[in-house]
Amino acid sequence: MKDIKEILDNYNEQPSEDVWSRLESRLDAEMPVHRTRNTVWKWAAIAVGVIAIGAGVTLGILRQSHHNEDFAEVNKTEQPTTTQPQESVVETQNATSPQNVASSQDEESTIVVEMQNAASSQNAVSLQEKKSSTVVETRQTPSLQPETPAKPVAKEAPKTNVRQEVLPPNSTLAKQLAADPVLKNLSGENVEWTPPAHLSIPNLFTPNGDGVNDLFVIQGLESYSSPRLVVRDKNNRIVYQSSNYRNNWDGGSCSDGVYSYEFTFLYNDIENQATGKVRIIRT
Amino acid sequence: MTEVDFGLKEIINGCLKNNRLSQRKLYDRYAPSMFAVCRRYANTDAEAEDMLMEGFMKVFKSIDTYKGDSTFTTWIHSVMVNAAISHYRSTRRFRNEVLGINLDEEESINEEERITTSIDAQKVMELMQRMPETLRIVFNLRAVDDYSFAEIAKELGTKEESMRVTFMRARKWMLEKLGEG
């Protein structure tokens, strides 16, 4: 009874809406998401890394301070406006030999050097502030760490697009636009197949005449036949369509904003469609 | 070999990490086709939904066993069919009327018989749900999911020969019902 199989081949049916929520409850019961020991170790490792970077930065500044040591001392004596704590720092520096200062009073010498190198007005800059500025410096490097987990998100999001020169990859706008184009054949079944070339559809282009991303270019277009493109605005009105798209749409007279596209094409005589959103920015 | 999967790889990676959002995305992609599979094996839509949930729990729990040697669709399909078989085995009542078949019975079904009336998937699914349970599982495994009689017998814990006979009876039932129009 081969016919039965063929008849049912593309048959799909939506289950009722509540099935996912029931499934999710079961998942929470049987496969709960929790902070595993591995996660704690991960954060511990990051903390250690931060401290290591902080130490490295401080050492780097100190190495610089070696050269500026003598210079700093000379300048200090010529500026009576410096506050008391600073002078005491200077005095202790004078007491010991320049070479040894770096090893014994690391942070304070760093502060002194910084004030000299700042070259701006030296008035009433309290030690406290400067201290905090060094702390801020080391704190800035930790921001590198959290970005690493963010990077996979940025990579994940634009699944078929590699061109986001205008928008920073982790901006909320980019995330909003990084709609995952869904590939379905026209029976509505999600399709998995191996095409001869990579298909990459941008989620942003900038038709402003600068020669960069001025057209809506679908990479891999030439590998498929009957490429049809329909673009609609947010009110679902068609703003562009082509039954034989040639990567030549320049946005026409569309204003800046988000549009949705349907790209239909033939591969191995099967019609497929990729849908998604694209933003036009001219400024 | 360049594979354009429009995010499937990322979704699978997310599921490997038990990420709810990825699991939701996987469900959204495959629920329609998998629900169709379950409906073929179940008595009612409610039972089909239970099978669907069972099947997806199995998918999420064993997603690390997907090695990429077949397409993901094939893999998830086989997990779902296994879930249907398990469901059948666990809800099995004392089914005497089919297992106690008379092996001497001669089923004069023409193997080449084709369905002449024009029918659509909806009709077939409808009839599928009405088919007696013991006929239905054998019919589906054989005619739609391409199991051999030996495999079916192994799954259901019966003899291969009785599976052949059951299948004949299922075909006969289906053809009769389709002929009724």
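Two strands pair if DSSP finds at least two bridges between them, and strands themselves are DSSP runs of E with at least two residues, just as helices are runs of H or I with at least four, both numbered from the N terminus. What you see above is a predicted model, in which local features need pLDDT of at least 70, side-chain atom pairs count only at pLDDT 80 or more, and totals for chains, interfaces and linings use all residues. Residues are numbered from 1 along each chain as its sequence is written, while chains are lettered from A and ligands numbered from 1 in the order in which they are written.

Let us begin with the strands of chain A. Strand β5 (residues 257–267) of chain A is joined to strand β6 (residues 270–280) of chain A by 11 bridges, and the two run antiparallel. Together β5(A) and β6(A) form a hairpin with two residues between them, and A:N268 in that turn has a positive phi of about 50°. β5(A) also pairs with strand β3 (residues 225–232) of chain A, again in the antiparallel sense, over six bridges.

Now follow chain A to a loop. A:N236 lies between β3 and β4 (238–242) of chain A. Most residues other than glycine have a negative phi. A:N236, although not a glycine, has a positive phi of about 70°. A:N236 counts as exposed because it has 7 C-beta neighbours inside 10 Å; the cut-offs are 20 or more other C-beta atoms within 10 Å for buried, 12 or fewer for exposed, and partly exposed in between, with C-beta atoms placed from the backbone.

Chain B is built from nine helices and zero strands. Of its 181 residues, 35% are buried. Contacts here mean C-beta atoms, placed from the backbone, within 7 Å of each other. Among the contacts in chain B with a separation of 6 or more, 66% are between residues 24 or more positions apart.

How do its helices meet? Two packed helices are described by the angle between their axes and the distance between the axes. The axes are lines fitted to C-alpha atoms, for helices over the stretch in contact, with angles from 0 to 180 degrees between N-to-C directions. Helix α1 (residues 8–16) of chain B and helix α2 (residues 20–41) of chain B have axes that come within 7 Å and cross at roughly 130°. α1(B) and α2(B) are therefore oblique to each other, given that angles under 35 degrees count as roughly parallel, over 145 as roughly antiparallel, 65 to 115 as roughly perpendicular and the rest as oblique. On the α1(B) side the contact is made by B:I11, B:G14 and B:C15, and on the α2(B) side by B:L21, B:S22, B:Q23, B:K25 and B:L26.

The loop between α1 and α2 of chain B holds B:N18, another residue with a positive phi, about 60°, although it is not a glycine. B:N18 counts as partly exposed because it has 17 C-beta neighbours inside 10 Å.

Further along, the axes of helix α7 (residues 133–144) of chain B and helix α9 (residues 160–180) of chain B come within 8 Å and cross at roughly 95°, so α7(B) and α9(B) are roughly perpendicular to each other. Residues that meet here include B:F139 in α7(B) and B:W173 in α9(B).

Definitions and conventions: Contact = placed C-beta atoms within 7 Å.
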